[in-house]
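Me: I'd like a close look at one part of this model, with the cut-offs spelled out.

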Amino acid sequence: ARHVAGICRDLRFRCRGCCPWDPRTARGEMAERRLRNIVCAVVAAGSTSEGSDDGDGGAARGLRLSVERLVASPSDAFALATAMLEETELVFRADGPSDGWASEEGAIRASASESPPLEGFAVESRLMGGLFGRAGFRIYRARCVLPLAPPAMHALLVSPEGYAAIDTTSASEDYGRAVEAFRWPDRPDAKLQVEHFKRVSDADPPAYTPRNGAVLNLHDRSTLSWLSYSILHRSLPGGSRFQTEMPTDGGPSSGSVRLTYALGLQLFPLPGRPDECQVKLFRFGDIGSDLGAAQARVGNATVCMSFDHTFRRIAVKAAKRRGCEDS
């Protein structure tokens with residue numbers, strides 16, 4: 001609850017300069033409603049149990065993602081990138097309850113209350129595998145239809161403008177900045193590189209401890225995909241409490257908390273609709289070790305409620321890009 005309250009304070013602080021936080025205005029009312037949705041999702045998640053009664057919370061049957069792999073050489077990067085592509089295909093190929101996916105009706109209802117509606121919007125989740133699953137973390141996937149042809153949409157999303165639409169909380173100077181880049185012989189047109197990110201509260205006093213992390217990002221035109229997984233890398237030592245190869249959060253003197261996540265986005269053409277595409281996106285997020293017993297609940301709720309806002313930001317930028325192309 002303290003962490004959610006800090007997020008709310010920080011969001012209000014950020015909005016102070018660009019729009020009055022006044023519930024009587026349309027923007028203020030919408031912002032308050034979105035904050036309430038996040039808080040309600042955290043509370044609801046706290047009242048339910050994850051998994052089954054098989055002794056490990058169902059994590060043995062959960063879906064494992066290759067997060068926090070050590071990338072110490074180009075071969076490590078190529079192996080992880082291959083796994084990322086395979087796992088993204090698996091997440092998007094699986095179909096419904098028979099594969100362990102459950103509809104997230106709360107997120108769908110919250111999106112339906114916004115205007116305009118998102119065409120084909122849906123959110124589903126299933127339990128993670130391994131240690132993250134035992135702690136209660138879930139993987140979330142969502143989809144909708146957006147107004148731009150797949151190749152043009154991919155070009156938009158891999159640009160700094162696209163980065164900002166997908167992730168509004170990381171520092172903009174980190175978007176696309178390579179810490180280490182790799183030339184992948186199997187996919188010479190792909191962009192594969194290690195990047196850093198950081199998230200710092202703008203509030204005074206700060207609403208939360210700074211977050212940071214290292215990721216392997218893959219932009220692949222051949223599959224129209226944009227993938228990003230947290231990794232272990234010598235350039236930023238440290239990791240989550242769910243790994244043992246590096247100190248948790250980089251050690252007691254780091255001053256930051258490690259944020260661990262996985263993101264997979266892929267575009268699909270729509271028959272008879274050449275100027276539109278279906279966007280599929282999955283996410284997993286561990287916000288940080290300082291959340292204690294609420295770590296999985298806050299991470300799950302934050303991810304679950306993020307898709308509507310992400311798709312709407314992308315839709316706005318796609319409409320502008322399409323307008324420029326038409327003119």
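Which residues line the second largest cavity?

Reply: Bear in mind that this is a predicted model, where local features need pLDDT of at least 70, side-chain atom pairs count only at pLDDT 80 or more, and totals for chains, interfaces and linings use all residues. Residues are numbered from 1 along each chain as its sequence is written, and side-chain values use heavy atoms, with hydrogens and water left out.

Now the cavity. The lining consists of Glu68, Gly213, Ala214, Ser230, Ile231, Gly238, Gly239, Arg258, Leu259 and Thr260. Strand 7 (211-220) and strand 8 (225-232) are the elements giving two or more residues to that lining; strands here are DSSP E runs of at least two residues and helices H or I runs of at least four, numbered from the N terminus. By class, three lining residues are nonpolar, five polar and two charged. For those classes, Ala, Val, Leu, Ile, Met, Phe, Trp, Tyr, Cys and Pro count as nonpolar, Asp, Glu, Lys and Arg as charged, and the others, Gly among them, as polar.

The space inside comes to about 40 Å³, and a search of the whole structure turns up two cavities of 30 Å³ or more. A cavity is a set of points on a 1 Å grid over the protein atoms alone where a 1.4 Å probe fits but cannot get out, and lining residues have an atom within 4 Å of a point. Points are joined across faces, edges and corners, and the volume is the space filled by probe spheres set on them.

As for the setting, the protein chain has nine helices and 11 strands. Of its 327 residues, 54% count as buried, meaning under 20% relative accessible area with a 1.4 Å probe, protein chains only.

Terms used: Buried means under 20% relative accessible area, exposed over 50%, partly exposed in between (1.4 Å probe, protein chains only). On a 1 Å grid over the protein atoms alone, a cavity is a set of points where a 1.4 Å probe fits but cannot get out, and a pocket is an open set with protein on both sides within 12 Å along at least five of seven lines; lining residues have an atom within 4 Å of a point.
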